[in-house]
Amino acid sequence: MADVYELAGLSRRTSETFAREVSGQSVARWHVMSVVSEEPATVPAIARRLGHRRQSVQRVVDALARMGHVAVKDNPAHRRSPLVTLTPAGEIELGRLNITAETVRAAQLKAADVGVAELASARETLRALIAALRADEPSKPSPPSANEQRVKTGEA
C-alpha cells in the first residue's frame, strides 16, 4: 500500500504543477470537475469519492461556481444538499486539462515501459481493493429523526 500512497502523492504533485501551468487551476478543482463530469453529485458525495473533508470540497465548489465551471442545482432527493453539475464552460476547461494531461501521461507511461493492458489491469486491481476497503468501512449511524428525538425526550 505504501507504493500506492507514494504514487498518489507524486501524481498529485505533478498534476498540481501541470494544472497550474496549463490553465491556472488547482488539482483540487480539476478533481472536483472530473467527479461531476460523470454525473451530478452532492458535496458530501464528492468529498467521499476524493477522500477529502466536506468543508474543503465546499470551498472548491464555491470557487468553481464563481468561475462559472460548475453550477449548484436543487436536489430532489435532499433539500439541504444540492447537486453540483459541470457547466459548458467547465466541460471546456476539463477537456483542455484532460487532453493535455493525456499527452503528458502517455509520455510518462512510455518512460516507465507500462502498456495499456498493464495499466488496465492495475486499474482493475485498484478498483477491487477500493471496493473491499469500502465494504469494511464502519457505517456511520444516521442521526435520529425529529420524531425519534421527541419520543426519546418524552415530547411525543
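**Contacts, angles and burial**

Analyst: In this predicted model, residues A28, R29, V32 and M33 of α2 are in contact with V57, V60, V61, A63, L64 and M67 of α4. By class, that contact comprises nine nonpolar residues, no polar ones and one charged residue.

User: What makes R29 the charged residue of this contact?

Analyst: Arg belongs to the charged class, together with Asp, Glu and Lys. The contact of α2 with α4 has one charged residue, and R29 is listed on the α2 side.

User: How do you know whether α2 and α4 are roughly parallel or roughly perpendicular?

Analyst: Two packed helices are described by the angle between their axes and the distance between the axes. For α2 and α4 (residues 54-67), the angle is about 85 degrees and the axes are 10 Å apart. Angles of 65 to 115 degrees count as roughly perpendicular, and α2 and α4 are therefore described in that way.

User: Which other residues of α1 are buried, and what covers them?

Analyst: Besides S15, the buried residues of α1 are G9, F18, A19 and S23. Their cover includes α2 (27-38) and α5 (88-112).

User: What makes the aromatic pair of F18 and W30 tilted?

Analyst: The planes of F18 and W30 are 35 degrees apart. Stacked would need under 30 degrees and edge-to-face over 60, so the pair falls in the tilted class. The ring centres are 5.5 Å apart, and rings pair if their centres lie within 6.5 Å. F18 belongs to helix α1 and W30 to helix α2, 12 residues apart. Both F18 and W30 are buried.

User: How do you know how the reach of α1 compares with its expected span?

Analyst: Helix α1 (residues 2-23) has 22 residues and reaches 31 Å from its first C-alpha to its last.

User: What is noted about the phi of D113, and is D113 buried or exposed?

Analyst: Most residues other than glycine have a negative phi. D113 is not a glycine, yet its phi is positive, near 60 degrees. D113 lies in the loop between α5 and α6 (116-136). Its relative accessible area is 65%; exposed means over 50%, so D113 is called exposed.

Methods. Residues numbered from 1 in each chain as written. Predicted model: local features only at pLDDT ≥ 70, side-chain atom pairs only at ≥ 80, totals over all residues. Heavy atoms only, no water. Helix = DSSP H or I, 4+ residues; strand = E, 2+ residues; numbered from the N terminus. Expected span 1.5 Å × (residues − 1). Buried < 20%, exposed > 50% of the residue type's maximum accessible area, 1.4 Å probe, protein only. Contact = heavy atoms within 4.5 Å. Axes fitted to C-alpha atoms, helices over the stretch in contact; angles between N-to-C directions. Parallel < 35°, antiparallel > 145°, perpendicular 65-115°, else oblique. Phe/Tyr/Trp six-rings, centres within 6.5 Å; stacked < 30°, edge-to-face > 60°.
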